[in-house]
Amino acid sequence: MKRSLLACLLAVTLPAAAGEYSGFAADQSRVSFVSTQMNVPVEGRFQRFGGEIHFDPATPTTGSARLEVELQSIDTGLEEADEEVASAEWFDIAKHPKAVFESSAVEALGDQTYRIRGTLTIKGTTREIATEARFEPGAIGAFSGSFKLMRSDYAIGEGMWSDTSVVADDIEIRYRIAAPAQ
Amino acid sequence: MSLPRHTRYDPVAITLHWLVAIVIVCNFALGVYMHELPLSPWKLKIYSWHKWAGVSAFLLVALRLAWRRFHTPPPMPESMPAWQRQLAQHGHHLLYLLMFAVPISGWLMSSALGVQTVYFGALPIPDLLDKDKELGEVLKQVHEALNLGMAAIVLGHAGAALKHHYLDRDDVLTRMLPWSKTPRNPQ
């Protein structure tokens with residue numbers, strides 16, 4: 001509470017063009033994924049997610065991001081698949097309603113590109129991931145990028161679905177995560 | 001034309017006819033079976049096989065039409081009344097039309113539903129339509145209606161062939177059969 005009060009005061013007192021981005025702009029953000037079924041790439045997306053970004057292009061290594069995706073909001077494109085992936089074999093949404101990403105390090109690679117490392121927790125399993133993101137500055141700044149995960153690492157699609165010849169193991173996650181400039 | 005009029009379809013036309021017949025009947029049955037299945041890897045596999053078979057049917061029908069272009073089918077029996085000839089001709093035209101329309105509707109429906117058709121899991125068929133769920137649902141109905149229409153025409157086609165064979169006792173059926181070598185003598 002004290003911190004957010006301080007943040008408000010700072011936001012008011014500091015000039016608007018300080019170059020720092022913080023918070024989260026949900027309507028400018030997007031989380032989608034591409035799975036491969038029988039060698040056919042199929043795109044889906046998540047409709048609800050939230051997060052918190054702190055990023056100053058002048059000091060990128062101090063940047064941080066936390067993102068929570070509501071798995072129930074999945075849109076695979078096929079209704080029966082939306083229901084199926086809520087089941088215990090897939091996300092087990094009743095027990096694990098959210099996927100959470102928490103950054104641990106941000107590294108500048110030049111040309112508005114950054115390598116972001118962190119942990120991704122899905123279905124009770126936490127793993128380290130790294131992704132390269134491009135940053136677009138503006139009144140609302142956004143990181144865009146993608147990374148691949150192995151669904152078997154998180155036990156997404158167990159039992160009969162563990163056959164990766166039908167639904168491939170690797171899933172591409174594409175994202176655009178935006179936050180307003182302060 | 002002093003050449004003797006051929007009374008049988010040529011072997012290529014006969015082979016293509018029965019290949020297409022087998023693919024269409026099997027794929028129709030597969031379509032009826034698969035769409036009620038609960039989601040499973042088996043269902044996803046079958047959907048892919050169904051699409052591959054549909055693309056194959058399309059290619060075979062295109063080949064048939066190309067072959068037919070340069071290999072005139074044997075004429076209809078003299079004994080057929082004019083209205084029957086017309087009906088047969090319209091029926092065949094409609095059948096060809098549907099043999100193209102059914103796979104095309106399936107392909108468009110797949111595109112609109114966001115699941116591209118990749119022939120044998122190797123050759124992606126470009127999506128003509130962008131992903132659009134509502135359009136996909138409409139195309140699903142269209143695909144189904146065209147299939148029911150085709151089923152009706154196929155039944156009429158087979159029924160007519162049997163009528164020619166057992167009632168009219170002409171060679172309309174036998175000239176398309178792979179095994180019968182001796183043409184019947186009409187009249």
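Q: What makes the span of α3(B) close to the expected one?
A: The model is predicted, and every value here is computed from it. α3(B) has 31 residues and reaches 44 Å from its first C-alpha to its last. The expected span is 1.5 Å times one less than the number of residues.

Q: Which residue with a positive phi follows α3(B)?
A: B:G114 follows α3(B), with phi near 85°.

Q: Which residues of α3(B) are buried, and what covers them?
A: Among them are B:L98, B:M99, B:V102, B:P103 and B:W107. The cover includes α2 and α4 (133–168) of chain B.

Q: How do you describe the packing of helix α2 and helix α3 of chain B?
A: Two packed helices are described by the angle between their axes and the distance between the axes. Helix α2 (residues 41–70) and helix α3 (residues 82–112) of chain B pack at about 145°, with axes 9 Å apart. α2(B) passes α3(B) in a left-handed crossing. On the α2(B) side, the contact includes B:F58, B:V61 and B:L65. On the α3(B) side, B:Y96, B:M99 and B:F100 are among the contact residues.

Q: How do the residues of the contact of α2(B) with α3(B) divide?
A: Nine are nonpolar, three polar and one charged. Lys counts as charged and Gly as polar. B:K51, B:G54 and B:G106 are among the residues that make the contact.

Q: Why is A:G157 called buried?
A: The cut-off is 20 or more other C-beta atoms within 10 Å. A:G157 has 24 C-beta neighbours inside 10 Å, so A:G157 counts as buried. A:G157 lies in the loop between β10 (140–150) and β11 (170–180) of chain A.

Q: Which residues does A:G157 touch, beyond those up to four places away in sequence?
A: A:G157 touches A:E89, A:W90, A:R151, A:S162 and A:V167. Its C-alpha atom is 9.1 Å from that of A:S87, 70 residues apart along the chain.

Q: How do you know that β10(A) and β11(A) pair?
A: Pairing needs at least two bridges. β10(A) and β11(A) have 11, in the antiparallel sense. A:K148 stands opposite A:E172 in β11(A).

Q: What makes strand β2 of chain A and β11(A) a pair?
A: The criterion is again at least two bridges. Strand β2 (residues 30–37) of chain A and β11(A) have five, in the antiparallel sense. The bridge partner of A:S32 in β11(A) is A:R174.

Technical notes:
Residues numbered from 1 in each chain as written. Chains lettered and ligands numbered in written order. Predicted model: local features only at pLDDT ≥ 70, side-chain atom pairs only at ≥ 80, totals over all residues. Axes fitted to C-alpha atoms, helices over the stretch in contact; angles between N-to-C directions. Helix = DSSP H or I, 4+ residues; strand = E, 2+ residues; numbered from the N terminus. Left-handed = near helix turned anticlockwise from the far one by under 90°. Contact = placed C-beta atoms within 7 Å. Buried ≥ 20, exposed ≤ 12 C-beta atoms within 10 Å, placed from the backbone.
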